[in-house]
Amino acid sequence: MIFQVISKTSALVILGVGLFLFVGLDLLRQRYKALNDLALHVFGPVMRQNEAHKLAGTSFLITGVTVVVAIFPHEIVSLTLLFLCFADPLASYVGIRFGKEKILGNKTIQGFLAAFVTCLICSYVYLSLLNFPPDRLLIFSLLAGLLGSLAELIPIAKIDDNFSLPVVSAIGLYVLFYFFGFFV
C-alpha cells in the first residue's frame, strides 16, 4: 500500500489530482453525451449499468478516501483502506455468489459475515504489526470487524457506499482507538 511509504501531504496531493481529474471528467460526462458515450465505450466493461447516466462509484470512492486521508491519523487511514480494499469487494462477491438470506436491500447475511471476518483479520494483522497490546488486540479486532461490516452493510441516506464505507469506518475506528486509550 503506497500510503505506508509516502507522507500525508504527498498522499493528499496525489488524491487531489486524481479527484480533480477523475471526478471532473465524470461530471463532464454527465453533461456531454459524446463524452459519456466514449466513457461507456472505454470503461463499460468495468462500470455498473446504473452508472451509465450518473456518477461512477469510483468518484465517490476517491472523494471518500480523500476526506479520510485529510482528516484522520495514519493508522486509522491505513486500516480504513484495508477494509475498503479487501472487505468491500469480498462482501460483494460472497453476497452475490453465495448470498441467500437478504438482510438489508440487496445485502445478504453471507456478504455481511464475509465483511466481518475480513475486517477482523485485517485489523488483527495490521495492529499486530504495530505492536498493539496483545491483551486488547482480539477484542479491538472483533469490534473493528463489526464496525467495518456494519459500515459496508448499512445504507446512509442515499449516499453511495463507496463514500460512506471509508468515512463511517474511519469515524468508528477513531472512536475505538479513543476508547482503547490510543489517541492516534
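Reader: Among contacts between residues at least 6 apart in sequence, what percentage join residues at least 24 apart?

Author: The figure is 68%. Please keep in mind that this is a predicted model.

Reader: Which elements make up the chain, and in what order do they run from the N terminus?

Author: The chain holds seven helices and two strands. From the N terminus on, the order is α-α-α-α-β-β-α-α-α.

Reader: How many of the residues count as buried, as a percentage?

Author: Of the 184 residues, 41% count as buried. The chain exposes about 10,600 Å², and carbon and sulfur atoms supply 71% of that area.

Reader: Let us turn to salt bridges. How many are there?

Author: The count comes to three. One of them joins the side chains of Arg 29 and Asp 26, at 2.6 Å from N to O.

Reader: Where do Arg 29 and Asp 26 sit relative to each other?

Author: Both belong to helix H1, and because they are three residues apart there, about one helical turn separates them. In general, an α-helix has 3.6 residues a turn, so residues three or four places apart point the same way.

Reader: Are Arg 29 and Asp 26 buried or exposed?

Author: Arg 29 is buried, and Asp 26 is buried as well.

Reader: What about Lys 107: which salt bridge does it form with Glu 152, in terms of distance?

Author: The side chains of Lys 107 and Glu 152 meet at 3.0 Å, N to O. This pair links distant parts of the chain, since Lys 107 is in strand S2 (residues 107–108) and Glu 152 is in helix H6, 45 residues apart.

Reader: Why does Glu 152 count as buried, and why is Lys 107 partly exposed?

Author: Glu 152 has a relative accessible area of 7%, and buried means under 20%. Lys 107 has 23%, so it is partly exposed.

Reader: Which residue forms a salt bridge with Lys 107 at 3.5 Å?

Author: That residue is Asp 161, whose closest N and O atoms with Lys 107 are 3.5 Å apart. Asp 161 lies in helix H7 and Lys 107 in strand S2, so the pair ties together parts 54 residues apart in sequence.

Reader: Changing topic, which residues make the nonpolar surface patch?

Author: Val 117, Ile 121, Tyr 124, Val 125, Leu 129, Leu 138, Ile 139, Leu 142 and Leu 143 make a patch of about 810 Å². Helix H5 (109–129) and helix H6 (134–153) are the elements that give two or more residues to this patch. The largest share, five residues, comes from H5.

Reader: And Leu 129: buried or exposed?

Author: Leu 129, which is in helix H5, counts as exposed at 67% relative accessibility.

Reader: Lastly, which residues of H3 are buried, and what covers them?

Author: The buried residues of H3 are Gly 57, Ser 59, Ile 62, Gly 64, Val 65, Thr 66, Val 68 and Val 69. Their cover includes helix H1 (8–31), helix H4 (74–98) and helix H7 (161–179). Helix H3 (residues 57–71) has 15 residues and reaches 21 Å from its first C-alpha to its last, close to the 21 Å expected at 1.5 Å a residue.

Definitions and conventions:
Residues numbered from 1 in each chain as written. Predicted model: local features only at pLDDT ≥ 70, side-chain atom pairs only at ≥ 80, totals over all residues. Heavy atoms only, no water. Patch = residues over 30% accessible without salt bridge, like charges linked within 9 Å, V, L, I, M, F, W, Y side chains within 5 Å. Areas by Shrake-Rupley, 256 points an atom, 1.4 Å probe, with all protein chains shown as cover. Salt bridge = Lys/Arg side-chain N within 4 Å of Asp/Glu carboxyl O. Helix = DSSP H or I, 4+ residues; strand = E, 2+ residues; numbered from the N terminus. Buried < 20%, exposed > 50% of the residue type's maximum accessible area, 1.4 Å probe, protein only. Expected span 1.5 Å × (residues − 1). Contact = heavy atoms within 4.5 Å.
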